[in-house]
Amino acid sequence: PVVANWKRAGAIIIGRTNTPAFSFRLDTVNDYRGRTHSPWSRTHTPGGSSGGASSSVAAGITPLAHGNDIAGSIRYPAYACGLVGLRTSLGRVPAFNPSGGGERSMSSQLMSVQGPIARTVRDVRLALAAMSAPDPRDPWWVPAPLEGEAIPGRIRVAVVTEPADLAGARLHPTAADALHRAADWLADAGYDIVDEPTPGFTRAMELWTAMQMPEIRLLFAPAVEEYGDAGI
């Protein structure tokens, strides 16, 4: 559906990009196509699982790329390559895998979404408008408007630089500085900036793991049986 929608909008599809095996790692390397490097540095990852997509956009090979996100596979590659990536809500962009042997597990159906990767927010808006057109092959798709009514009053934006419950992890000073500069730009544009912690990251990760991992183990069971743990 994504490719068909983009083609109807006039896009020219130039190829497929690399992913890790099973699209299930935060780095992009596999035995078939090898490693995908960041165009900024061969010592840094382009992210994953949409690492080939992010690397190709960052390198200027293509202005837009399609990513799939179930646990960060659009958001992390966009971050790693300095791009804009949007994980959409369920039902926003239609999805269907014609080569799939059967339907995915229930949690995967609910968590896996399609979205755009680009170098600018303007390009992401353009890509999303085209790729979110309806497709009868996806029963989850909903005709949600791309733009809503104006929100009364000033919009509040929370800036989280020190998540309190991430097992002692701390934000790198360079990343923190970039966040603060972005917050300053939003403030200059009329937004209300709220600097406060957002609770629940660790608990959200625990719940995601409890829901997703048993189903993923069942999905990968044939590969594990044939190749051992190296199969995944």
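Trainee: Is Asp-69 buried or exposed?
Mentor: Buried. Asp-69 has 0% relative accessibility. Keep in mind that this is a predicted model.

Trainee: Which residue does Asp-69 form a salt bridge with?
Mentor: Arg-87. The closest N and O atoms of the two are 3.1 Å apart.

Trainee: How many salt bridges does the count come to?
Mentor: The count is 6 salt bridges. One of them joins Asp-135 and Arg-137, with closest N and O atoms 2.9 Å apart.

Trainee: Asp-135, buried or exposed?
Mentor: Buried, at 8% relative accessibility. Its partner Arg-137 is partly exposed at 39%.

Trainee: Which residue pairs with Asp-177?
Mentor: Arg-181. Their closest N and O atoms are 3.1 Å apart. Both residues lie in helix 6, residues 173–188. They are 4 residues apart, which is about one turn of the helix.

Trainee: What relative accessible area do they have?
Mentor: Asp-177 has 43%, and Arg-181 has 40%. Both values fall in the partly exposed range.

Trainee: Which residues are joined into one network by shared partners?
Mentor: Asp-69, Arg-75 and Arg-87. Salt bridges link them.

Trainee: New topic, the backbone. Which peptide bond is cis?
Mentor: The one from Gly-48 to Ser-49, with omega near 10°. Ser-49 is in the loop between strand 2 (34–35) and helix 2 (51–58).

Trainee: Why point that out?
Mentor: Because most peptide bonds are trans. Likewise, most residues other than glycine have a negative phi.

Trainee: What is phi for Phe-22?
Mentor: Near 65°, a positive value, and Phe-22 is not a glycine. Ser-23 also has a positive phi, about 55°.

Trainee: Where is Phe-22?
Mentor: In the loop between helix 1 (2–8) and strand 1 (29–30). Ser-23 is found in the loop between helix 1 and strand 1 too.

Trainee: What is their relative accessibility?
Mentor: Phe-22 is at 44%, and Ser-23 is at 33%. Both count as partly exposed.

Definitions and conventions: Residues are numbered from 1 along each chain as its sequence is written. This is a predicted model: local features need pLDDT of at least 70, side-chain atom pairs count only at pLDDT 80 or more; totals for chains, interfaces and linings use all residues. Side-chain values use heavy atoms; hydrogens and water are left out. Helices (H or I, at least four residues) and strands (E, at least two) are DSSP runs, numbered from the N terminus. Buried means under 20% relative accessible area, exposed over 50%, partly exposed in between (1.4 Å probe, protein chains only). A salt bridge is a side-chain nitrogen of Lys or Arg within 4 Å of a carboxyl oxygen of Asp or Glu.
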